[in-house]
Amino acid sequence: MAEKSNLHKLSARGQSVWSDYLSRDMLQQGELKRMMEEDAVVGVTSNPTVFQKAISQGNAYDEQLKDLLERQSDPKEVFLELSARDIEAALDLLGPVHEQTGYDGFVSWEVDPNLAYDREATFAEAMRLHGWLDRPNLYVKIPATKPGLGAIEDCVAHGKNINITLIFSLQRYAEVVEAYLRGLERLVAGGGSPKDVYSVASFFVSRVDTEADKRLEAIGSKEALALRGKLAVANAKLAYEHYQAAHSGSRWEFLAGKGATKQRCLWASTSTKNPEYRDVMYVEELVGPETVNTMPLETIKAFQDHGEVHGDTIRDDLDGAHDVFGILESVGVDYDDVVQTLEDEGVQKFADAYAQLIDGIRTRRGQMVTA
């Protein structure tokens, strides 16, 4: 029997490997299917930035785009139809994985980020996307803004699978878990069954170090500089600690008895931005059961080449992880401001990518009219 790949070893620890990139070329050329077989990939996430990049490169979308622009005047609807075809093809490919496991085989489709601060509009859009592609392995992604929390709860209460994205702070993560539990409780109270409702909480990792390191370097003390590259992993470890606490006790046991499934932690933004850091550190240091790591293509390749699996590292040195926060405060970095800045920037980045998508579609329409 052939030796397991590094990513298959990771899967054996109970961590699901997902790809954070999806494109038509990947689907048509069989690359996603290959990744499922050789790289242990069992899920896919997408966001406006991913689709903006995919659609702007090459000509894989040209034929459908030409057809759509002839009959659809709203560029947002054009984009949704373009992305829906890719999402549906990936759902078909990963469907057997979901049938076999229940908790994997998912593909994520994101709501318009311009709705991130509108609870009712986010809920309506999420329900619309679930209605558009009514598949058991579809996740609709909702940003973890304050208004987004209510939309998350409402969607879960309606029995819908939700991937909560752009989580940076431990406080917001606790609120995300609470929204999921309340949604399940409302679903059960209304006579519904939670057994086919799934959720992941996407905790962004590398961006935390990027923002914190910038502030630590500005301070410049020996103690501050020693904290570089420490906060993101500590943040995720404490999130996992809360995950374990939230999915235990009488409240959770009642829901589990009704068939509810745990809302797994998903580690997102796991490519290493600082070239001084090991390029697979946000994979190696966050291994643990009942988790997901959604990796960029370059991180998948890097981990297959030289990644190492050293047990459940997410549980290692929790005391040290707690200490990071105290030291961070003592050197003058405001954690709450770091994570709020990241949330604001994250929503804006997705909105900017969405705007670029829409502008690109408008430009193509103009080119067709003048051709």
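Ala, Val, Leu, Ile, Met, Phe, Trp, Tyr, Cys and Pro count as nonpolar, Asp, Glu, Lys and Arg as charged, and the others, Gly among them, as polar. This is a predicted model, where local features need pLDDT of at least 70, side-chain atom pairs count only at pLDDT 80 or more, and totals for chains, interfaces and linings use all residues. Residues are numbered from 1 along each chain as its sequence is written, and side-chain values use heavy atoms, with hydrogens and water left out.

Q: How do the residues lining the second largest pocket divide by class?
A: A pocket is found on a 1 Å grid over the protein atoms alone, as an open set of points with protein on both sides within 12 Å along at least five of seven lines; a cavity is a set where a 1.4 Å probe fits but cannot get out, and lining residues have an atom within 4 Å of a point. The second largest pocket is lined by 19 residues. They divide into seven nonpolar, eight polar and four charged.

Q: Which helix gives the most to the lining of the second largest pocket?
A: Helices (H or I, at least four residues) and strands (E, at least two) are DSSP runs, numbered from the N terminus. β1 (15-19), α6 (75-101) and β6 each supply at least two residues of this lining. The most, three residues, comes from α6.

Q: What is the volume of the largest pocket?
A: Grid points are joined across faces, edges and corners, and a volume is the space filled by probe spheres set on the points. The largest pocket has 29 lining residues, with Asp20, Asn47, Thr49, Arg207 and Lys273 nearest its centre. Its volume is about 710 Å³.

Q: Which element supplies the largest share of the lining of the largest pocket?
A: Several elements give at least two residues each, among them α4 (48-56), β5 (162-167) and α17. The largest share is four residues, and it comes from α17.

Q: Is Leu357 buried or exposed?
A: Leu357 sits in helix α17 (residues 335-370). Buried means under 20% relative accessible area, exposed over 50%, partly exposed in between (1.4 Å probe, protein chains only). At 5%, Leu357 is therefore buried.

Q: Which residues line the largest cavity?
A: The whole structure has one cavity of 30 Å³ or more. The largest cavity has a volume of about 40 Å³. Its lining is Asn47, Pro48, Phe51, Phe79, Trp109, Glu110 and Tyr354.
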